[in-house]
Amino acid sequence: MTTTKTRRAPRRTAEERAEEAKLLHDRLTTQVAALADSNAWKSFLRLSGVARNRSLNNQLLILSQLPTATICLGYRQWEQLGRHVIKGQKSLSIFGFSRKTVTETDEESGEENTRSWNRYPILRVFDISQTEGDDLPVTLLEGDDDAGIFERVAEVLRGRGWDVALEEISTPGLNGYTRYDTRAVRVNAALSPAQRAKTLLHEAGHATLHTPEDTATPITHRGQIETEAESVAYALGSMLGIDTSAWSIGYVASWSDGDVDLIRATAANVQRAVADLGDALLGENPIGAALAG
């Protein structure tokens, strides 16, 4: 494999770093507001499904710079996965995090004092479309539900105390439901295997996010509740190989009515559920390990 050398970026002054940080925050605010658009929301969910270890703010920053982004890692992280950045590609800026701790000894008393503070350096990452090299492992679904996604999700939920089963549901338009009082999840047995899998992903979103005893601040906005659950289904479906866009995307442009705070709260909840259920369903993966590292 041919490698490409790059020059180290020139060192920035403190003022230049502060200005860049301000620009990133401004860009982040704009991108949050843009989530009211269904296409922007679809991009966010796609990225959440792949990069579930990435912080919400950094996912939004990435999309503001490259709306088609999917997997974004640092230069050396890509090298560890057998890929390298194509010459001439422009990096994307995100916020890093580190905690610095310093122990100082008082010269007079001999006592040690420890000070700690958080730092948020600006990091450079590249999308997979800006790289070339080895293929990354992916999970694809062939046929109706050949990968057994329904049973995999059911097993996770049962392990968490939920009773999951198929049921003949006669209510028109009702594909499934979640009962929090009895911890019961039901999916319409009349559905196709693929639709059963998608519906159970939706109900898993409810079970993860909306159980009353697990919710610090109860959500009463029905549109937010359903959008969160369907967004979780879309993002997890993307990870597992199910294209649920025909069900998941059509109505999200109008539910928030431009309420940026509501959009941010929903996005954060979706990301939390996708990370939780994604880890339970897929376990550790090289992308998640690279992001965490």
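I'm working on a predicted model, where local features need pLDDT of at least 70 and side-chain atom pairs count only at pLDDT 80 or more, while totals for chains, interfaces and linings use all residues. Residues are numbered from 1 along each chain as its sequence is written, and side-chain values use heavy atoms, with hydrogens and water left out.

**Overview.** I looked up the elements and got eleven helices and ten strands. These are DSSP runs numbered from the N terminus, with helices being H or I of at least four residues and strands E of at least two. Next I checked burial, where buried means under 20% relative accessible area, exposed over 50%, and partly exposed in between (1.4 Å probe, protein chains only). Of the 293 residues, 44% count as buried.

**Sheet β8-β10-β9.** A reminder to myself: strands of a sheet pair through backbone hydrogen bonds, either parallel or antiparallel. I take two strands as paired if DSSP finds at least two bridges between them. The order β8-β10-β9 makes an open sheet of three strands with mixed pairing. At its edges I found β8 (163-167) and β9 (176-179), each pairing on one side only. From one strand to the next the twist averages 15°. β8 and β10 (residues 184-188) run parallel, joined by five bridges. For Ala 165, I noted Arg 186 in β10 as the bridge partner.

**Helix α6.** What lies across β8, β9 and β10? I found helix α6 (residues 193-209) there, running at about 155° to β10. For such angles, axes are lines fitted to C-alpha atoms, for helices over the stretch in contact, and the angles run from 0 to 180 degrees between N-to-C directions. α6 is mostly covered, with 14 of its 17 residues buried. I also checked its length, taking the expected span as 1.5 Å times one less than the number of residues. The 17 residues should span 24 Å, and the end C-alpha atoms are 24 Å apart, so the two agree.

**Rings.** I looked for pairs among Phe, Tyr and Trp rings (for Trp, the six-membered ring) with centres within 6.5 Å; planes under 30 degrees apart count as stacked, over 60 as edge-to-face, and the rest as tilted. That rule gave me one aromatic pair. Is Trp 162 buried or exposed? Trp 162 counts as buried because its relative accessibility is 5%, while Tyr 180 is partly exposed at 25%. Arg 183 also lies over the face of Trp 162, 4.2 Å from the ring centre. For a charge over a ring, the rule is NZ of Lys or CZ of Arg within 6 Å of the ring centre and within 35 degrees of the ring normal.

**Hairpin β4-β5.** Last, I followed β4 (residues 98-105) and β5 (residues 112-119), which run antiparallel and share eight bridges. Val 102 stands opposite Arg 115 in β5. Six residues come between the strands of this hairpin, where Gly 110 takes a positive phi near 80°.

Technical notes:
Contact = heavy atoms within 4.5 Å.
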